[in-house]
Amino acid sequence: ETIFTAGDSLIIFVEFSEEVTVTPSKGSPILEFAALVNTTASASSIYRYLTATCVTLNTVSKTLEFELDIPETTEVGKSVFTLMTRGPGALRLRNSLVLDNLDRNVNHTLPIEGETGSLTSNVNITIDLQTPYVTGIELLMENSTEGIQSKMVSTTGQSAELGAGHLIAIKVSFSQAVTVSGTPVVPLNLTHRNESLMGTVDAVPPEMKIRHAKYTSGSGTNTLTFQHVIRRGDMSGNLDMPEGVDGKNRSLLLEGGYIRRYSTSPILPADLNLTSVATLGSLGNVVIDTMAPKVNLMRGVTTTAADGLYYAGDTVYLQVEFDKPVVATSGVYLELSTGLSAATQAYYYSGSYGRVLTFEYTIQDSEDKNCMDVYGMNENNPGLFARGAQYIRRAATNLEGDADTSLVGARRLNASSCLEIYGVAPVVESYYLNHRSEQGENGTTYSIGDSVFINVTFDRPVVVLEDIKLYVYVTNSRAATYKSGNHSRTIVFEYEVKL
């Protein structure tokens with residue numbers, strides 16, 4: 001069983017018992033099929049019925065080939081039918097000659113359809129001239145939480161906000177496979193505000209704009225894909241198509257191209273009307289907001305580190321939250337006030353494609369600050385910097401437009417946390433004998449092999465990184481070995497009395 005449609009071409013074979021030759025006269029022989037293509041033509045007209053033309057001319061052969069080009073329409077009510085000849089007299093010679101090798105006329109009567117040797121007894125050919133129509137529409141967006149190369153996900157049943165540079169795709173499904181020529185489009189209903197006016201929302205009303213999602217792929221299948229990258233300045237409360245363009249119903253626009261039913265030579269136009277399927281806006285709630293991301297001033301700069309004392313070499317992480325997902329480069333930094341004469345820098349650490357960026361800072365030698373804070377946060381020094389080729393931008397397929405990174409007016413770090421910075425080197429406060437041993441009493445005499453424990457106390461906890469020794473003077477210099485106290489203020493040394 002084989003299905004053909006408008007624009008397809010097929011070859012029908014008529015086989016004889018012996019070799020024959022067709023000699024054309026005014027026209028080539030034709031094969032008529034039981035499908036009217038012109039109901040107003042006379043009964044004798046060769047254009048009244050669907051016909052195939054003989055292409056085996058002046059050639060000796062037992063088989064004649066007839067080429068059938070399927071038209072766009074036949075009689076009303078016959079858009080799908082089985083291809084069959086008109087009957088025994090369907091092969092019309094049209095004054096041509098069909099002779100055998102002895103130049104005798106050949107009997108060209110065809111078998112009755114359904115009987116042995118007839119077209120329908122050998123093959124079941126269906127002619128389907130139904131017009132393709134839209135059966136469904138779907139809006140997809142990039143999943144920006146996975147990065148620039150992320151896959152597209154459906155917005156059906158979802159609420160989402162997209163901005164400048166985001167890629168959206170619209171999939172339109174048809175009842176049959178279609179072929180596309182040119183670049184048809186799906187119109188989208190948006191408003192637009194000039195970038196210079198983006199911060200003055202109420203000053204100048206936005207203008208209506210029809211943007212076009214352009215065809216990108218799907219020709220030869222049932223589903224076509226259209227894509228659009230959201231432009232800076234465009235806005236929409238819930239992305240949808242316009243109800244009508246130039247007085248037409250909601251529809252795809254061909255823009256000089258075509259969408260036709262798929263065939264060898266496509267000629268059957270598709271019905272592009274979309275009024276019978278759900279609107280984009282009813283499938284989900286996709287808001288288009290191309291305003292630049294801004295710092296959440298209420299939260300300002302925060303930290304996950306606990307309040308307390310931090311020393312040189314300690315690492316702390318600071319956070320800045322934006323009102324939209326952003327992407328940052330590695331050279332973005334916060335300027336910090338840590339007790340030195342100049343600001344220090346905490347560089348971007350993680351958080352791209354989310355709303356919260358994290359910055360990393362390692363306490364340096366000589367820093368001394370009761371509560372670490374961001375440096376500046378004023379008009380002259382906004383506190384957060386993306387200089388040169390560095391940037392913080394709205395997370396999207398195509399990164400367009402820098403975020404507003406100003407921390408002016410934001411809540412300060414020292415208003416929510418108190419990280420006391422003390423990068424000055426630890427100093428010894430005292431040292432003394434440890435009397436925890438039963439032998440340990442002042443004035444006690446120690447013999448060879450006895451252990452003497454000596455404590456050294458610093459002004460803050462210290463870390464012992466390797467084997468250290470405390471040299472004591474017993475008639476000459478001797479070494480006491482490190483025993484315990486790592487990560488505490490007091491470390492203990494043990495000295496074994498020797499000869």
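This is a predicted model: local features need pLDDT of at least 70, side-chain atom pairs count only at pLDDT 80 or more; totals for chains, interfaces and linings use all residues.

**A strand and its partners**

Let's start with β23, which covers residues 315–328. Which strands does β23 pair with? One of them is β21, and the two run antiparallel. Another is β26, again in the antiparallel sense. β30 also pairs with β23, and that pairing is antiparallel too. Here is how these pairings look, one per row:

| Partner of β23 | Partner residues | Bridges |
|---|---|---|
| β21 | residues 301–303 | 3 bridges |
| β26 | residues 354–362 | 8 bridges |
| β30 | residues 392–394 | 3 bridges |

If you want to find these pairings in the viewer, pick out some residues that face each other. Toward β26, E321 is across from V356. And for β30, R394 is the bridge partner of V326.

**Two loop residues**

Now hop over to V55, found in the loop that links β4 (49–54) and β5 (61–69). Together with I11 and F13, V55 makes a nonpolar surface patch of about 270 Å². V55 counts as partly exposed because its relative accessibility is 41%.

Then there's L129, in the loop between β9 (125–128) and β10 (134–142). Is L129 buried or exposed? L129 is buried, since its relative accessible area is 7%, and the cut-off for buried is under 20%. Along the chain, L129 and L268 are 139 residues apart, yet 7.8 Å separates their C-alpha atoms.

Note on methods: Residues are numbered from 1 along each chain as its sequence is written. Side-chain values use heavy atoms; hydrogens and water are left out. Patches are made of residues with over 30% relative accessible area and no salt bridge: like charges are joined within 9 Å, nonpolar side chains (Val, Leu, Ile, Met, Phe, Trp, Tyr) within 5 Å. Accessible areas come from the Shrake-Rupley method with a 1.4 Å probe; for residues, only the protein chains shown count as cover. A salt bridge is a side-chain nitrogen of Lys or Arg within 4 Å of a carboxyl oxygen of Asp or Glu. Helices (H or I, at least four residues) and strands (E, at least two) are DSSP runs, numbered from the N terminus. Buried means under 20% relative accessible area, exposed over 50%, partly exposed in between (1.4 Å probe, protein chains only). Two strands pair if DSSP finds at least two bridges between them.
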